[in-house]
Amino acid sequence: APVVGVLALQGAFREHRRRLEQLGAEVREVRLPADLAGLQGLVIPGGESTTIGRLMTDYGLWEPVRALYRRGAALFGTCAGAILLAREVHGAPPQFGEQPGLELMDITVQRNAFGRQRESFQTELQVQGLEQPVPAMFIRAPVIERVGPEVEVLARQDEQVVLARQGRLLAASFHPELTPDPRIHRLFLELLPVAVTNS
Ligand code: GLN
């Protein structure tokens, strides 16, 4: 079985864990750099990107997660997790100062982009490569407002990019772990390498 980590500092990590286990993965909760050993992939869940980022600083996780990616692992960021993958973030509240990020994926993300009227909503998305629409739950969701040349747009909502892929990086504005449809997680599992190197 593929060995996949779920960053378990804050947010919806249990739901990701359950979904990945249903799909046959062996799942490890990641809180410390040592928990990253041997992973073929890592999910960075939704929650509050400022909080998750602060905890990643406290636990010394930024560089170890980048190193995991460089060794060949796949990364999947959902909602706050997509914000943490992005090379550039707009709309971070100024009182938190500079928001650190992994800066791995060549996208610019705008936080809380759907506004107060539509803070949280569920809809169906037409996803590139999938025949039937996918149910998608948006909760104070970001949008991907710029994609670099190596980024493939997989879905849009209100003309905004909400699902994108760059090689072994997958970013979703919405919460695929909160709806029963397993297809987005399956997409992620298809990005996993057969094995990662040790250093
Ligand atoms: N608005 C949150 C943030 O900016 C993300 C919300 C979510 O992950 N559901 O971090």
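## Ligand shell

A residue counts as near a molecule if its C-beta atom, placed from the backbone, lies within 6 Å of it. By that rule, Gly46, Gly47, Glu48, Ser49, Cys79, Ala80, Ile83, Arg111, Asn112, Ile139 and Arg140 surround the ligand. The shell splits into four nonpolar, four polar and three charged residues. Here Ala, Val, Leu, Ile, Met, Phe, Trp, Tyr, Cys and Pro are nonpolar, Asp, Glu, Lys and Arg are charged, and the others, Gly among them, are polar.

## Model basis

This is a predicted model: local features need pLDDT of at least 70, side-chain atom pairs count only at pLDDT 80 or more, and totals for chains, interfaces and linings use all residues. Residue numbers start from 1 along each chain as its sequence is written.

## Annotated active site

An unreviewed UniProt entry lists Cys79, His175 and Glu177 under "active site"; such annotations may be inferred rather than shown by experiment. They spread over 99 residues of sequence, yet cluster in space, with a largest C-alpha distance of 10.9 Å.

His175 sits in the loop between strand S12 (169–172) and helix H5 (183–190). Helices (H or I, at least four residues) and strands (E, at least two) are DSSP runs, numbered from the N terminus. Glu177 lies in the loop between S12 and H5.

## Burial and contacts

His175 is buried because 25 other C-beta atoms lie within 10 Å. The cut-offs are 20 or more for buried, 12 or fewer for exposed, and partly exposed in between, with C-beta atoms placed from the backbone. Glu177 is buried too, with 26 C-beta neighbours inside 10 Å.

Contact means C-beta atoms, placed from the backbone, within 7 Å. Leaving aside residues up to four places away in sequence, His175 touches Ala12, Gly46, Thr78, Cys79, Met137 and Ile139. With neighbours within four places left out, Glu177 contacts Ala12, Glu15, His16, Arg19 and Thr78.

Terms used:
Contact = placed C-beta atoms within 7 Å.
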